[in-house]
Each structure stands twice: as C-alpha cells, then as structure tokens.
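Open the model in your viewer and keep the selection panel at hand. The tour goes from one selection to the next.

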Amino acid sequence: MHILILPVGFLLWYLAYEAKPNINDEVTINWEEKNTNKRNKLLNIINESF
C-alpha cells in the first residue's frame with residue numbers, strides 16, 4: 001500500500017503542473033511597463049530630493 005502512495009503523488013503533481021494556466025504575454029508586458037514607469041518616477045523623486 002505504501003509503495004503506491006509515492007507514484008500516485010508524483011502522477012497527481014504532474015497532472016496539476018501541466019494544467020496550470022498559460023500566461024498572457026501582452027498583459028505581462030503591460031504590467032512590466034507600468035512597474036518600470038513607477039520605479040523610474042520614484043527614483044527621479046529620490047534623486048531630486050538629494
């Protein structure tokens with residue numbers, strides 16, 4: 001009985017890993033652009049204050 005637990009666990013893990021959703025590249029690129037813009041604005045504010 002214990003011998004079957006490990007292979008079944010790996011099988012379930014593999015099925016869950018394969019079923020993960022695909023990442024939409026357009027959304028991630030837009031999100032990264034927004035974050036870099038915010039980071040640049042914060043860096044500019046910090047640099048101007050010193």
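Select W13 and Y17 to begin. Both residues belong to helix α1, which covers residues 2-18. They sit 4 residues apart, about one turn of the helix. An α-helix has 3.6 residues a turn, so residues three or four places apart point the same way. Keep in mind throughout that this model is predicted.

Stay on this pair and show the side chains. How many aromatic pairs does a search of the whole structure find? The search finds 1. The ring centres of W13 and Y17 are 5.7 Å apart, and the ring planes meet at 20°, so the pair is stacked. The cut-off for stacking is planes under 30 degrees apart.

Is W13 buried or exposed? W13 has a relative accessible area of 54%, so this residue is exposed. Y17 has 43% and is therefore partly exposed. The line between the two classes lies at 50%.

How many of the 17 residues of α1 are buried? The number is 0, so α1 lies largely in the open.

Where does N24 lie? This residue is in the loop between α1 and α2. N24 is partly exposed, because its relative accessibility is 44%.

Next, select helix α2, residues 25-49, and pick out S49 within this helix. S49 counts as exposed, because its relative accessibility is 56%.

Start with T28, 21 residues from S49 along the chain: their C-alpha atoms are separated by 32 Å. Then draw the line from N24 to S49, which are 25 residues apart along the chain. Here the C-alpha separation is 38 Å.

Along the principal axes, the C-alpha atoms fill a box of roughly 65 × 25 × 5 Å. What radius of gyration does the chain have? The value is 22 Å, but a compact globule of 50 residues would have one near 10 Å.

Show the surface of everything. Of the 50 residues, 0% count as buried. The chain exposes about 5400 Å², and carbon and sulfur atoms supply 65% of that area.

For a last stop, colour by charge. The chain carries 5 positive and 6 negative charges. Their mean positions are 8 Å apart.

Note on methods. Residues are numbered from 1 along each chain as its sequence is written. This is a predicted model: local features need pLDDT of at least 70, side-chain atom pairs count only at pLDDT 80 or more; totals for chains, interfaces and linings use all residues. Side-chain values use heavy atoms; hydrogens and water are left out. The radius of gyration is taken over C-alpha atoms; the globule rule is 2.2 Å times the number of residues to the power 0.38. Buried means under 20% relative accessible area, exposed over 50%, partly exposed in between (1.4 Å probe, protein chains only). Accessible areas come from the Shrake-Rupley method with a 1.4 Å probe; for residues, only the protein chains shown count as cover. Lys and Arg count as positive and Asp and Glu as negative; His and the chain ends are not counted. The place of a charge is taken as NZ of Lys, CZ of Arg, CG of Asp or CD of Glu. Rings of Phe, Tyr and Trp (its six-membered ring) pair if their centres lie within 6.5 Å; planes under 30 degrees apart count as stacked, over 60 as edge-to-face and the rest as tilted. Helices (H or I, at least four residues) and strands (E, at least two) are DSSP runs, numbered from the N terminus.
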